[in-house]
Amino acid sequence: MSGTFVGMPAFPEAAREAVHDATLRGNLRHATHTIRAKRAKAVAEVSDWATLREAGKRIKDHTLRRLDRYLEQLEESVTAAGGTVHWAADADEANRIVADLVKATGESEVVKVKSMATQEIGLNEALEAEGIRAYETDLAELIVQLGRDRPSHILVPAIHRNRGEIRDIFRREMGEWGRPAPDRLTDTPAELTEAARLHLREKFLRAKVGISGANFMVAETGTLVVVESEGNGRMCLTLPETLISVVGIEKIVPTWRDLEVFLQTLPRSSTAERMNPYTSMWTGTTDGDGPRAFHLVLLDNGRTDTLADEVGRQALRCIRCSACLNVCPVYERAGGHAYGSVYPGPIGAILSPQLRGTGSEIDASLPYASSLCGACYEVCPVAIDIPEVLVHLRERVVEGGQVTSRGDKVVLKPAKGHAAERAAMRAARWAFSRPAALRTGQRLASRTRRLHPRTLPGPGRAWSGTRDLPQVPAEPFRDWWLRTNGGKDGAK
Amino acid sequence: MSARERILGRVRRALADVPPGEDAPVERDYLRQHGKRTVEETVDLLAENLADYRAIVHRADAEELPDLIMRLLAQRGPQYVLVPPGLPPEWLSAADPTRVHDREISTARELDKVESVVTGCAVAIAETGTIVLDGSPDQGRRRITLVPDHHICVVRVPEQVVSSVPQALERLDPARPLTWISGPSATSDIELDRVEGVHGPRTLEVVLLG
């Protein structure tokens, strides 16, 4: 499987392939159900969960509505603490900055902590093109990298692989990248983990440059926070001489105190733990402890465009916990690859089309990759109303209209392939604003109900291929209301 | 125009709908801690939650501590034990292994040869079973509690124990490099089976001193 998302087919096509893969569905079902049950238990331990969730939402909204001010404050505090701040408007700019920083150290390899932002901009590939090898050090990311695969989950990127597949990948590929897998490696998670430990330790011990993302950045103090479990994060953040962190501009919280909310909600929502094993916090550089040089690359790459959408901007509250993936019936069956983005699942379905625009076929299809059941909203620790944004984006895809793209206001044309839907909506609008026509139509529909087909012909066939057509009642509601005086006459 | 100006300009244009005077403070009506507990109950909860995430918990008073640390080190049979510069010398007064003093010039490879490390801590959080290190002289640099495979951390009870995450943040100084540790290193990346010990210490022993 290629490492890129470019040219991905639209969601329905990609998903169709995935749902026929029995191994994939088995792996996914096991994983999502396990973590879903654990998460519910971890959340139930905290009696003020609803209040914490609301506070998290309010802090993030407050920050987003004053983002310019907090970005400037953050820059000032990071600089004062000995760090250097860089700004990147898009992926190319960010990759260029990072490649130049690495080259300036004279190094040709870097160790990386798992980071959504660097995946989003395709940093590894960009560095490769400059002759710099980037080693992923999170176990799941290592599995993905060695397997020349793509991540399929925000938290556990190799969720689509079972232990047997992982053993095969380790045996086949580890030698290519460094220390080979031990002879007679079995498929027990303990042995596989040990193999990864040995393979990666030699990289940690010689690395001069580390690259990370961050879960939070505190504007008031300039502190960055990375939340992890394995210790590979701590290795990358403290052993190298130079640390480069690439972070989306929406990851800011205003004050030190704000962390008290997210450090309670994030671990419970993501790994279903009271607290993840390791959290690192650093503020600029510290004499004698950790990297001597710290660079922070602040990444826009579509975030300001998302911010310009008054309904869609709430997606920027996301703290990447992945709870929404684990409860989503569509994700559970289709898997993460079908979403064609580093952000899969419900959050990906609203984030990717906003960050990248709805120009491509895959991005135009993503707002439809949902049953709108609302489970994602229920579990979201910052209360992102994902169904609301999905519906909003569907309207944008179908109707077009004004959007912001790379900072400029542009008028979007309606997407191709939605002509029938648009025509149906236009017809509905016409009928609903003409009561007489609506009544006539409804009566006609009732009288001909036995003649209605079970599936739609023409362009509607795809829609009715996966759904039953609603049955038309024998009598329109409005007629029933008139006949029975709103039910008061007791007649049926 | 620089990327900085471009991004800040985009942010300001994107927020044209936000009223200029808007600045409501965020209400914090969530709990400062969950439930009421006596000091002893708080320490018990810390012990319980540490153990739940596979840390090994011991209790000792000042007199018992040197012997306990000696036993814990002897069980592993290490040749060397790493010591941060400001560790109270009496903690290791009964221990046999050769002490390696962490120096700034010691490389990660040198640290990799050391089996065990003994440190103090800045604060411990009962509700989450977390110990926090802040690089003070009795805790040392971040790498010394990372590279060796065995970490013994001494928590002074009750003075270093708080109930909750909000109470811990109040006590910590963001200007210091902070490491929050909840149990030993772990991964659930393979079929969500939890395995202890990936890159950080595989064994975390916490001594509640007091």
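The legends below describe close-up views of a predicted model.

**View 1. Helices α8 and α9 of chain A cross where they pack against each other.**
Two packed helices are described by the angle between their axes and the distance between the axes. The axes of α8(A), residues 139–146, and α9(A), residues 163–177, come within 9 Å and cross at roughly 75°. Because angles of 65 to 115 degrees count as roughly perpendicular, α8(A) and α9(A) are described as roughly perpendicular to each other. On the side of α8(A) the contact is made by Leu139(A), Leu142(A), Ile143(A), Gln145(A) and Leu146(A), while α9(A) contributes Ile166(A), Ile169(A), Phe170(A), Glu173(A), Met174(A) and Trp177(A). The residues of this contact divide into nine nonpolar, one polar and one charged.

**View 2. A salt bridge joins Arg148(A) and Glu173(A).**
Side chains of opposite charge can pair when their charged atoms come close. Here the side chains of Arg148(A) and Glu173(A) meet with a distance of 2.9 Å from N to O. Arg148(A) lies in the loop between α8 and α9 of chain A, whereas Glu173(A) belongs to helix α9 itself, so that the pair, 25 residues apart, links distant parts of the chain. Glu173(A) also takes part in the contact between the two helices of the previous view. Over all chains, the structure holds 54 salt bridges.

**View 3. Chain B and chain A meet in an interface that takes 75 residues from chain B and 96 residues from chain A.**
The two chains bury about 7,700 Å² between them, and 54% of this area is on carbon and sulfur atoms. Across the interface of chain B and chain A there are 17 salt bridges, one of which is formed by Glu273(A) with Arg194(B), whose closest N and O atoms are 2.5 Å apart. Between the chains, 49 residue pairs are in polar contact, counting pairs with both residues at pLDDT 80 or more. Among the elements of chain B that each supply at least two residues to the side touching chain A are the helices α1 (3–14) and α2 (39–52) and the strand β9 (178–181). The largest share of that side, ten residues, comes from α1(B). The residues of the side of chain B that touches chain A divide into 34 nonpolar, 14 polar and 27 charged.

Most residues other than glycine have a negative phi, and most peptide bonds are trans.

Technical notes. Residues are numbered from 1 along each chain as its sequence is written. Chains are lettered from A and ligands numbered from 1 in the order in which they are written. This is a predicted model: local features need pLDDT of at least 70, side-chain atom pairs count only at pLDDT 80 or more; totals for chains, interfaces and linings use all residues. Side-chain values use heavy atoms; hydrogens and water are left out. Axes are lines fitted to C-alpha atoms, for helices over the stretch in contact, and angles run from 0 to 180 degrees between N-to-C directions. Helices (H or I, at least four residues) and strands (E, at least two) are DSSP runs, numbered from the N terminus. Angles under 35 degrees count as roughly parallel, over 145 as roughly antiparallel, 65 to 115 as roughly perpendicular and the rest as oblique. Contact means heavy atoms within 4.5 Å. Ala, Val, Leu, Ile, Met, Phe, Trp, Tyr, Cys and Pro count as nonpolar, Asp, Glu, Lys and Arg as charged, and the others, Gly among them, as polar. Buried area is the accessible area (1.4 Å probe) that two parts lose on being put together, summed over both. A salt bridge is a side-chain nitrogen of Lys or Arg within 4 Å of a carboxyl oxygen of Asp or Glu. A polar contact is a pair of N or O atoms within 3.5 Å; within protein, one must be able to donate a hydrogen and the other to accept it, and residues adjacent in sequence count only if both atoms are side-chain atoms.
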